[in-house]
Amino acid sequence: MTTFVASLRYEFRMQVRKRTVWIVPALTLVLFVLIGGSLLRDLFDPGERPVDPRTAVVGLAVQLHALLSIGFGCLLADRLIRDDRLRVASILDATPASPRARLLGKYVGAGAATAIPVAVAYFGFAAAYAVDTGEPRALGWALAAFGAVFVPGLLFVAAFALAAPLVMPAPLFRVLFVGYWLWGNVVSPDMMPTLARTLVHPLGGYPLAALFDFHGIDGQEAWAGPIPGATLNALRPDPTPALAWLSIALLLIIAAAVLAGGHALRARRVR
Amino acid sequence: MRIEISGLTKTYRGGVAAIDGLDLAVPTGMFGLLGANGAGKTTLMRILAGIVRPTSGRVTVGEHDLGTGAGRTAVQRDLGYLPQDLGVYPDLTARQFLDYVALLKGMDDRTVRRRRVGELLEVVALTEHADRRLRGFSGGMRQRVGIAQALLADPQLLIVDEPTAGLDPEERIRFRTLLSQFAGRRTVLLSTHIVDDIGQTCREVAVLAKGRLIFRGTVEELTRRAQGQVWSVVTDGPAPTEGTVVSALPHDDGMRYRIVAPSAPSPGALPLEPGLEDGYLAVATGRGNASRQPASPPGRRP
Ligand SMILES: Nc1ncnc2c1ncn2[C@@H]1O[C@H](COP(=O)(O)OP(=O)(O)OP(=O)(O)O)[C@@H](O)[C@H]1O
Ligand SMILES: [Mg+2]
């Protein structure tokens, strides 16, 4: 327990102080607003924004999650390999501290630090919206969406970002990750196989559809369930709340498995 | 804490046998480890620190068997390790880095930990830089942070791998003295290329070559290996080809060479008293006086 807390605390501290952890999400947001056409602006336009505060805030979660997770994954990609690269690993490995607890502390600590700007952006916009519309309920929905949609998705991404650079150079992981994220979230699954609308969609299609009754800003989009003609439809049952919880559990289980795999790989390599 | 090593072998992936059937007992006190680059010193120390698993063989430290997970953890609880290839987190201050390592070593009590970190910063003369980020530290200052982290838990077993590399002469001598004083009833395993440091601190020493033990004995014994083999040669011509040149000094009549060789390397050579470095060279080049040592050819035993 002490090891976990110590590692969490110091990994958090080191990551949260890194300027890029703040600059990358800020630039992403600025660029996105400049490109325009986003909910970030429509939210404050009485003529354009969704009437229902839940749709507005959940829609905001989807948009920021899709956008800021890219930087989130890239910023975490050096965290595990850096102990070896900085040659600190020998000192840490010679302590009696459990390497598993250290890894877990690093995962949660560095992940939380990288998620802070994301949370600040999300709750910032949600609060501004709540004030602008006089809808305090919006904040409740924002909290729920953060817990059910952001957190599992970010934990999923963070596990891959820590472990994958053990088997490939971190820059290559970043390229592949950004490529996958855009491909998985932009290209329609009936054109190419992607995880979109499956139970293991890191953007959280099932919780969005079944827990938040969210069907896009215009209410016309499907976020989970089968797509005629697409591969992987076995992973796209019709959404229900139980399946939404299952989907969250699956994301966390996969994250844990990836992390365990990374741990085993590193332990074997050191020997 | 006594270390017993028997039949120890470490073969890295790719087939390099870094340690090759090593038997060695390390008693309490300061113990020196010498050997050429690639001899396997670091590998041996990493095995003892529980970082690297041996391919075969048995190691016990005190009553703990390094072959078991519980044994390794028990040894690590009482271990200070200064790696040869030392790194620090550049984004932490010296104090924070030491605090982190102390936490990982299980020093849970905050007051005790803070006091200990403060003491060690004082010991390595970094108090005034304690709250600066390590990014801005010079190589020698980082090395001193490394020394401090190794001493944190007041370990019974201290393994230091070329600890004085990068230290200025004053700091080097200070640290050498510190090690001797620290040793007392503890075990300190010191590897270095500065033979003099071993002569100044250790009673016993082992020399490794290609993963094997080629000498184990006292510092005096190692020196005696070069008895009758050290020569002074003054020449204005080319250096003698016989033997190993230890030093070359400009001299009125050309150059004065100090040479380790089994017989006089040139007609005018004068015999000299051997030093520890001569003994090491004699052993390392396989020419040392044969005396009960495995590496010497059997035919030359007295
Ligand atoms: N991680 C590794 N993978 C493969 N081979 C290695 C590894 N580490 C060391 N070796 C090899 O093992 C041998 C012993 O290396 P080691 O670092 O133990 O020597 P050393 O005595 O500490 O040398 P030096 O005086 O240069 O520090 C060398 O041949 C080296 O190339
Ligand atoms: Mg070495």
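Chain B of this predicted model has an average pLDDT of 90, with 96% of its residues scoring at least 70; pLDDT is the predictor's confidence in each residue, from 0 to 100. Chain A averages a pLDDT of 91, and 98% of its residues score at least 70. The model as a whole scores ipTM 0.90 and pTM 0.90.

Residues are numbered from 1 along each chain as its sequence is written, while chains are lettered from A and ligands numbered from 1 in the order in which they are written. Local features need pLDDT of at least 70, side-chain atom pairs count only at pLDDT 80 or more, and totals for chains, interfaces and linings use all residues, with side-chain values based on heavy atoms and with hydrogens and water left out.

**Confidence by region**

- In chain B, helix α6 (residues 169-183) has the lowest confidence, at a mean of 88, and α3(B) the highest, at 97; helices (H or I, at least four residues) and strands (E, at least two) are DSSP runs, numbered from the N terminus.
- In chain A, confidence is lowest in helix α3 (residues 39-42), at a mean of 76, and highest in helix α1 (residues 2-16), at 96.

**Interface of chain B and chain A**

- Chain B contributes 33 residues to the contact and chain A contributes 29 residues.
- About 2,900 Å² is buried between chain B and chain A, 59% of it on carbon and sulfur atoms; buried area is the accessible area (1.4 Å probe) that two parts lose on being put together, summed over both.
- Of the area that chain B buries against chain A, 24% comes from B:Tyr89, B:Tyr100 and B:Leu104, more than from any other three residues.
- There are 3 salt bridges across this interface, where a salt bridge is a side-chain nitrogen of Lys or Arg within 4 Å of a carboxyl oxygen of Asp or Glu.
- A:Arg9 forms a salt bridge with B:Asp99, and their closest N and O atoms are 3.9 Å apart.
- Between chain B and chain A, 11 residue pairs are in polar contact, both residues at pLDDT 80 or more; a polar contact is a pair of N or O atoms within 3.5 Å, and within protein one must be able to donate a hydrogen and the other to accept it, with residues adjacent in sequence counting only if both atoms are side-chain atoms.
- On the side of chain B that touches chain A, α2 (69-77), β6 (79-82) and α3 (94-104) of chain B each supply at least two residues.
- α3(B) gives the most to that side, with 7 residues.

**Salt bridges over all chains**

- The whole structure holds 27 salt bridges over all chains.
- In one of them, the side chains of A:Lys106 and A:Glu11 meet at 2.9 Å, N to O.
- A:Lys106 lies in helix α7 (residues 99-133) of chain A and A:Glu11 in helix α1 of chain A, so the pair ties together parts 95 residues apart in sequence.

**Hairpins of chain B**

- Strands β1 (residues 3-11) and β2 (residues 17-26) of chain B run antiparallel and are joined by 7 bridges; two strands pair if DSSP finds at least two bridges between them.
- B:Ile5 has B:Leu24 in β2(B) as its bridge partner.
- The hairpin of β1(B) and β2(B) has 5 residues between the strands, and B:Gly14 in the turn has a positive phi of about 100°.
- Strands β9 (residues 204-209) and β10 (residues 212-218) of chain B are antiparallel, with 6 bridges joining them.
- B:Gly217 in β10(B) stands opposite B:Val205.
- The hairpin of β9(B) and β10(B) has 2 residues between the strands, and B:Lys210 in the turn has a positive phi of about 50°.

Note on methods: Contact = heavy atoms within 4.5 Å.
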